[in-house]
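Here is a short report on an interface and on salt bridges. Please read it with the structure open.

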Number of protein chains: 2
Amino acid sequence: MKTQETLNIKAVTIRDGFWSPVQQLVMETVIPYQYDVMDDKVEGMDKSHAIENFRVAAGKAEGEFRGMVFQDSDLAKWLEAAAYALALKEDAALEEKADGLIALIEQAQEPDGYLNTYFTLKEPGHKWQNLAECHELYCAGHMMEAAVAYRQATGKDRFLSVMRKNADLICARFGTGEGQVRGVPGHQEVELGLLRMYEATGEKRYLDTALYFINERGRTPEVLSGEIKNRGWFHWSREQEPSYNQRHLPVREQKDAAGHSVRAVYMVTAMAELAALTEDRELADACGNLWRSIVDRRMYITGGVGSTVHGEAFSSDYELPNDLAYAETCASIGMAFFARRMLELCPKGEYADILEKELYNGILSGMQMDGKRFFYVNPLETVPNVSGVLPEYRHALPRRPEWYGCACCPPNLARLIASLGQYAWGESEKGIYAHIYLGGQARFSKAGGITVDCESGYPWKGDVRYTVRPKNENVSFFFAVHIPGWCGRWMVTVNGKEEKTIPRDGYAYIDRIWRNGDVVDVHLEMEPVRMYANANVRAAAGCVALTRGPVVYCFEETDNGGGLAALRLPRGSALVCKPGSIANSGVYLIETEGVRIPSTNSLYSAGLPEGEPVTLRAVPYYAWSNRQSGGMRVWMVEGS
Amino acid sequence: MKTQETLNIKAVTIRDGFWSPVQQLVMETVIPYQYDVMDDKVEGMDKSHAIENFRVAAGKAEGEFRGMVFQDSDLAKWLEAAAYALALKEDAALEEKADGLIALIEQAQEPDGYLNTYFTLKEPGHKWQNLAECHELYCAGHMMEAAVAYRQATGKDRFLSVMRKNADLICARFGTGEGQVRGVPGHQEVELGLLRMYEATGEKRYLDTALYFINERGRTPEVLSGEIKNRGWFHWSREQEPSYNQRHLPVREQKDAAGHSVRAVYMVTAMAELAALTEDRELADACGNLWRSIVDRRMYITGGVGSTVHGEAFSSDYELPNDLAYAETCASIGMAFFARRMLELCPKGEYADILEKELYNGILSGMQMDGKRFFYVNPLETVPNVSGVLPEYRHALPRRPEWYGCACCPPNLARLIASLGQYAWGESEKGIYAHIYLGGQARFSKAGGITVDCESGYPWKGDVRYTVRPKNENVSFFFAVHIPGWCGRWMVTVNGKEEKTIPRDGYAYIDRIWRNGDVVDVHLEMEPVRMYANANVRAAAGCVALTRGPVVYCFEETDNGGGLAALRLPRGSALVCKPGSIANSGVYLIETEGVRIPSTNSLYSAGLPEGEPVTLRAVPYYAWSNRQSGGMRVWMVEGS
């Protein structure tokens, strides 16, 4: 049922005007800085202890475990990001650091394959007893993902061997077979790790156990509650709602995205991958239902998901408050994972649309443009002295905070951005896919080998050029190029001649006999657009948002003055696109004539004061809070 | 500095088309029901134990204290409401019940005058040690208010004598004199009680101690913190922010209304009364500052104050979320107290405007129209499956709950409504005032005695007739009638002839020689009005609210269908006023032509779907949630 594979990271080279500088930032700033954080080398920051925990567990240092119960996962995500960075560019010093950590991990592993420094050091008698709260399987999943990435990037087997021992232990322990324990992870992730392990090793038990964890979840809602009741000890001391970790229903019966958003999107990602690998139509349908729930009813225009801080969770349909939003960066990253796996199941443009939306908005907004500060929470409106200050808005910071001692979003961002090549291209039995526009080169194995070069000024310019180079002469295959859903008028030419292709499911299929050097040009009309939310979204009622191409815009106080709620964007005023710069990075701005309603002395009055004309300027949402701090809003009141 | 006195409850008779039925409801339903609640006679309700605590403390029953630390205040508020009810109408059975409670109170009082069943029964060793949390002074204040009201209503002294002993104990204990303890109440109220005691007895030490508590607050911010630190035992176990109980600054330096809203408005009420009684200009100015802070920047259009559930507190300027609103009924009641005392300081129309706003909106909305259920929290927007359901909205119930075992708002509402006569009229050296329109009769002592009869169809009709009957012939005084701030066109006639009076500070002063039977007619043009919030109020940006006279309107799902956020009220559409009925009570509705934006399949789209014409119907806010449950909103998106 898997219709195509996205490409291995080694098969893609990226030379993209937009993304290459971001990758460079990740390689030169984020990954080295995170290592120093994990190694407690950053002055003035709470000690992470993430590496020290492994040193202690490995017998290389004296001390005790410190940090969160899932502190090991920081190391894992860093190693995964480092692996992708090494795949992008050789770096002996980085590889040495990574090898050093891997050696520590090997030494910290217990003889039976168990690997978790929290339990090894702090509560050795409590292993596997608190799946609900204690993240052993979560950390293991991240380690597995890292091990597979590291093998792919470097060809080295050591880390993978360590994680095989660990995966074997987990597969032996959990399941419905004789002597096995029934259980599900409190935080989904090991399913993804096991699927990576299956991909790397072909061991079917890894696939089976991933499927077991998915099928078991919610089938017996008591599986974690019972554990909690019988255990007699607590880590966090209170039980979450079953929906918090998606165990309120069997996963195949879940129609609404619910609970902790990162858990939910990691789960559906694994479900989509399993549906493809096991040709499980029911599971694919369940993924489709949850996709619809998220994309049609529970997602911000920026791609943010999980609209409430309470449980960092999905809320009700259409409940998308701008100022209270949680919209965790990691949840948007998980949505990119989900979209990638949905694309593999079925190449529909809407999956690529959401992938693109997440990359250019909800994900990228997580990182300051110097790579030094990170948003976990991505609100769509901030207000001075309110956001980050008043109790209900304390999570919705107006400025990216510095790295925390325990970090989830920054390393997650690092691994996603460093592995971007895996998301851009696909290969099926009969053809090749360009899911998102990414400058550089992709190397396909199809038809004896095909190289496609891509030049693109995306997301600022709508012209994309592909040069197709099959190794063999006169081979026939289709080249399917995603036509973004945001684009109303577009044209595809092949060697300069218009291709009257009818797009199917959001892709223009160019099916022909290809010659070396054939040129496919895609021309997308890219103008600023007024976007409106569904009438059920009360937080956007009467408001308009601006987009251009895949980029969502916002209005910042630094451009528009304070009191953004007093501004009105008239329905008819022309939207003018202008090149500009934020934090030394080129962007396109949108300017338009609007009005500002003057403030009066009285709080309420009969009659609205006449608005004063003002020029409104919008900047890309991902670039917000990179200049002077102040209010921000994505949804602007329409009116005059 | 006190410019006038509002009238004693016995000097006013109420025969008002609007308020008399509400008072009847309070007398026939609310007060008897509350007695049964306090006496644990209501099936299926958590036991209040409020009376039983006194029985046990009086040695009349065996048992222990149960309920909140301020459970005694329920009894006090009930007795105060009962007193006002007895002033309105003789009722031997009610008086017998009240006398019974008063006897219990007397017997529960300790020999030194101490009166608090919680400490007497449960923690006798901890008296007066936890002013921050434990409400001894709060309960005492309510008991004093009740005792004075009961003496005014019945002429009986017993309760007052009990409370004199208690007040003497408090005055002896707290202050800056030798052997006295410095301290301030954690919840302001005793200041008001002591002022009532001063009014009833003329004992200056009651005035002095009330002033001491006001002056002491915030002067030494550590007064409660130090107590907490030294005490070594806790009741609620964590210290609140100093602003929670307004001890962050000396009260005279406070410019912004802050912290727990009921505490704040009780405090400023006492401050205003003290400023008048002691001719303290600085204190009056402080009241003025806090009035401006509330009325100009921190009040809902309904009169609701305290916009956040966190600490049931005032929030920042212009932070007035509709759906998250706290806007406690008791805080609106406190605003009526504050407005009354500000009127006594200075007869400005804006004080009467707010008094009127509170009565017809924020206060009255607290009670279901059958007198059986009560809102503590008065949101301006409710959404099905969100309000009262999602974690951040759990406090904002869409339907009035039944009485709680421990109730603050219902008895507070009862005592306010039963004593309404005290708010309507004023008497100064040179004249008399009508602050709000209240049908019935007021009896003034001025000029040898004046009776004024008032007939009014208010708030539905703008015609009010006063018949002035001085006892003596040809006496000269002014009659000042409040001209509401909402009214743009009005006329006053005397004996049918237009009075070309120029209003001063919101009052039409008719200064003449009066004859028995002179008729003053006030004609107010009363049309539906579109109201707009200050441009800084982001929760009302792009929205319009409807009012008519003093009544604020809202849109309910039961009239307008679900999905109220999809409705738009065009700026130009005519507002039509129609008589109607809610819960068998006559009201005026407002109808207008609006549009409904249809819901689309997609969550976001370029271009807004064409709106479909619909008739919008608005009903008085105070009457919301008296029919089928469903969404509600006060602020409607303006647009087409």
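Predicted model: local features only at pLDDT ≥ 70, side-chain atom pairs only at ≥ 80, totals over all residues.

B:D296 has a relative accessibility of 14% and counts as buried, because the cut-off for buried is under 20%. Its salt-bridge partner is B:R292, with the closest N and O atoms 2.6 Å apart. B:R292 is partly exposed, at 31% relative accessibility. Both residues sit in helix α12 of chain B, four residues apart, so about one helical turn separates them.

Helix α12 of chain B spans residues 281-297 and also supplies at least two residues to the side of chain B that touches chain A.

## The interface between chains B and A

How much area do chain B and chain A bury between them? The value is about 4,200 Å², with 57% of it on carbon and sulfur atoms. In chain B, the residues that lose the most area to chain A are B:R538, B:L603 and B:Y604. Together they account for 20% of what that side buries. The contact draws 57 residues from chain B and 57 residues from chain A.

Polar links also cross the interface. Between chain B and chain A there are 23 residue pairs in polar contact, with both residues at pLDDT 80 or more. Strands β14 (528-533) and β20 (604-606) of chain B each bring at least two residues to the side that touches chain A. The largest share comes from β14(B), with five residues. By residue type, this side of chain B divides into 30 nonpolar, 15 polar and 12 charged residues.

## Salt bridges and strands across the interface

Four salt bridges are counted between chain B and chain A. The side chains of B:R538 and A:D323 form a salt bridge, at 2.9 Å from N to O. B:R538 is also among the residues of chain B that lose the most area to chain A.

Strands pair across the chains too. Strand β14 of chain A, residues 528-533, pairs with β20(B) in the antiparallel sense, over three bridges. Opposite A:A533 stands B:Y604 of β20(B). B:Y604 is another of the residues of chain B that lose the most area to chain A.

## Salt bridges within the chains

How many salt bridges does a search of the whole structure find? Over all chains, the number is 91. One of them joins A:K41 to A:D39, with the closest N and O atoms 2.9 Å apart. A:D39 counts as buried, at 11%.

In chain B, B:E110 and B:K127 form a salt bridge, their closest N and O atoms being 2.5 Å apart. B:E110 lies in the loop between α4 (92-108) and α5 (117-121) of chain B, and B:K127 in the loop between α5 and α6 (136-154), so the pair ties together parts 17 residues apart in sequence. B:E110 is buried, with a relative accessible area of 16%. B:K127 is partly exposed, at 21% relative accessibility.

How values were computed
Residues numbered from 1 in each chain as written. Chains lettered and ligands numbered in written order. Heavy atoms only, no water. Contact = heavy atoms within 4.5 Å. Buried area = accessible area lost by both parts, 1.4 Å probe. Polar contact = N/O pair within 3.5 Å; in protein donor to acceptor, adjacent residues only side chain to side chain. Nonpolar A, V, L, I, M, F, W, Y, C, P; charged D, E, K, R; others polar. Pairing = 2+ DSSP bridges. Buried < 20%, exposed > 50% of the residue type's maximum accessible area, 1.4 Å probe, protein only.
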